[in-house]
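Morning, everyone. One structure today, and I'll keep it short. Please have a look at it first.

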Amino acid sequence: MSNPPKQEDPFVQKVLEVLGSRLDQLIPQQLSLLDRALGRILERHHHDPSTVTADEIIGAYELITEHVYPFEFAALHGQL
């Protein structure tokens with residue numbers, strides 16, 4: 001997912017369906033980290049988005065927003 005996503009990309013559509021408006025709340029650093037995490041998930045699935053589960057997508061989101069770069073950390077640094 002390192003290239004600018006196309007709206008018709010099936011993986012992008014799946015991520016949008018699973019995460020929806022939660023994506024709008026992400027700051028640029030979180031979005032970048034999530035993009036890389038989702039790219040790694042897609043690579044592990046041999047670039048077949050149909051085999052990626054909603055739980056994997058949610059897990060990547062939660063890992064980034066709760067553990068790697070939580071919203072509280074961003075707030076402390078004045079980024080929210």
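I'll go from the overall fold to one helix, then a helix pair, then a single histidine.

Keep in mind that this is a predicted model.

Start with the fold. The protein has four helices and zero strands. Along the sequence, that reads α-α-α-α. There are 80 residues, and 34% of them count as buried. Now the contacts with a sequence separation of 6 or more. Of these, 60% join residues 24 or more positions apart.

Next, helix H1, residues 10-19. Which residues of H1 are buried? They are Phe11, Val12, Val15, Val18 and Leu19. They sit on the same side of H1, because they cover an arc of only 130° around the axis. Pro10 and Glu17, on the other side of H1, are exposed.

What do the buried residues of H1 pack against? Two partners: helix H2, residues 28-44, and helix H3, residues 54-68.

Look at the two ends of H1 as well. At the start, a side-chain oxygen of Asp9 comes to within 2.8 Å of the backbone nitrogen of Phe11. Just after H1 comes Gly20, with a positive phi of about 50°.

Now the pair H2 and H3. Two numbers describe a pair of packed helices: the angle between the axes and the distance between them. For H2 and H3, the angle is about 145° and the axes lie 10 Å apart. The crossing of H2 past H3 is right-handed.

Who makes that contact? From H2, we have Gln30, Leu33, Leu34, Ala37, Leu38 and Ile41. From H3, we have Glu56, Ile57, Ala60, Tyr61, Ile64, Thr65 and Val68. By type, the contact of H2 with H3 splits into 10 nonpolar residues, two polar and one charged.

Last stop, the histidine. His45 is in the loop between H2 and H3. Is His45 buried or exposed? Its relative accessibility is 18%, so His45 counts as buried. The cut-off for buried is under 20%.

What does His45 touch, leaving out residues up to four places away in sequence? Thr51, Val52 and Glu56. With Thr51 there is a polar contact, side chain to side chain, at 2.8 Å.

Over to you for questions.

Note on methods. Residues numbered from 1 in each chain as written. Predicted model: local features only at pLDDT ≥ 70, side-chain atom pairs only at ≥ 80, totals over all residues. Heavy atoms only, no water. Buried < 20%, exposed > 50% of the residue type's maximum accessible area, 1.4 Å probe, protein only. Arc of directions from axis to C-beta. Contact = heavy atoms within 4.5 Å. Polar contact = N/O pair within 3.5 Å; in protein donor to acceptor, adjacent residues only side chain to side chain. Axes fitted to C-alpha atoms, helices over the stretch in contact; angles between N-to-C directions. Left-handed = near helix turned anticlockwise from the far one by under 90°. Nonpolar A, V, L, I, M, F, W, Y, C, P; charged D, E, K, R; others polar.
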